[in-house]
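Please read the points below against the coordinates.

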Amino acid sequence: MTDVVVPKWGATMDEATIVQWLKGVGDRVAEDEPIAEMETDKATAEIVSPVGGTVVEVLVPQDADVVVGQVIARIDPDGGGAP
């Protein structure tokens, strides 16, 4: 499994909000493909997948507050058996 973590965007960023999931459990993703949108006090940007594979867990709901380094999803780089 590969963890998807909240990235740090800028020296003052400590927390953000997941505003929208673009991918859900069972969805295939490519490396660097956007999987969620995150909003800080200064910007909205996409969180991208660190690997290609299948999303197997989404650990925080939409509109949840998250902190830098928090694991928000897990991806099975082998595809999790999905076609």
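1. Salt bridges. The structure holds 3 salt bridges, a salt bridge being a side-chain nitrogen of Lys or Arg within 4 Å of a carboxyl oxygen of Asp or Glu.

2. Basis of the values. This is a predicted model, in which local features need pLDDT of at least 70, side-chain atom pairs count only at pLDDT 80 or more, and totals for chains, interfaces and linings use all residues. Residues are numbered from 1 along each chain as its sequence is written, and side-chain values use heavy atoms, with hydrogens and water left out.

3. R74 and D3. These two residues form a salt bridge whose closest N and O atoms are 2.9 Å apart. The pair links distant parts of the chain, with R74 in strand β8 (residues 71-76) and D3 in strand β1, 71 residues apart. Strands (E, at least two residues) and helices (H or I, at least four) are DSSP runs, numbered from the N terminus. R74 has a relative accessible area of 25% and is therefore partly exposed; D3, at 36%, is also partly exposed. The classes are buried under 20% relative accessible area, exposed over 50%, and partly exposed in between, with a 1.4 Å probe and protein chains only.

4. R74 and E57. R74 forms a salt bridge with E57 too, and here the closest N and O atoms are 3.2 Å apart. This pair again links distant parts of the chain: R74 sits in strand β8 and E57 in strand β6 (residues 53-58), 17 residues apart. E57 counts as partly exposed because its relative accessibility is 31%. Through shared partners, salt bridges join D3, E57 and R74 into one network.

5. E33 and K23. What is the N to O distance in the salt bridge between the side chains of E33 and K23? The value is 3.0 Å. E33 lies in the loop between β3 (28-29) and β4, and K23 in the loop between β2 (15-21) and β3, so the pair ties together parts that are 10 residues apart in sequence. With a relative accessibility of 24%, E33 counts as partly exposed.

6. Open sheet. In the order β1-β8-β6-β3, 4 strands form an open sheet with antiparallel pairing; two strands pair if DSSP finds at least two bridges between them. β1 and β3 are the edge strands, each pairing on one side only. Between β6 and β8 the antiparallel pairing runs over 4 bridges, and T54 stands opposite D76 in β8. In general, side chains in a regular strand alternate between the two faces of the sheet.

7. Hairpin. Strand β4 (residues 34-39) pairs with strand β5 (residues 44-48) in the antiparallel sense over 5 bridges. The two form a hairpin with 4 residues between them. E37 stands opposite E46 in β5.

8. T2. Is T2 buried or exposed? T2 counts as buried because its relative accessibility is 18%. Its place is in strand β1 (residues 2-5). Leaving out residues up to four places away in sequence, T2 touches P50, V51, A73, R74, I75 and P77, where contact means heavy atoms within 4.5 Å. R74, one of these, is the residue that forms the salt bridge with D3.

9. V66. This residue lies in strand β7 (residues 65-67) and is buried at 1% relative accessibility. Not counting residues up to four places away in sequence, V66 touches V6, D14, E15, A16, I18, V60 and I72. V66 and V5 are 61 residues apart in sequence, and their C-alpha atoms are 9.7 Å apart in space.

10. M38. M38 belongs to strand β4 and counts as buried, at 0% relative accessibility. The C-alpha atoms of M38 and D63 are separated by 9.2 Å, the two being 25 residues apart along the chain.

11. Chain totals. The secondary structure comes to 0 helices and 8 strands, and the elements run β-β-β-β-β-β-β-β from the N terminus on. Of the 83 residues, 31% count as buried. Among contacts between residues at least 6 apart in sequence, 59% join residues at least 24 apart. The accessible surface comes to about 4600 Å², of which 48% belongs to carbon and sulfur atoms; these areas come from the Shrake-Rupley method with a 1.4 Å probe, and for residues only the protein chains shown count as cover.
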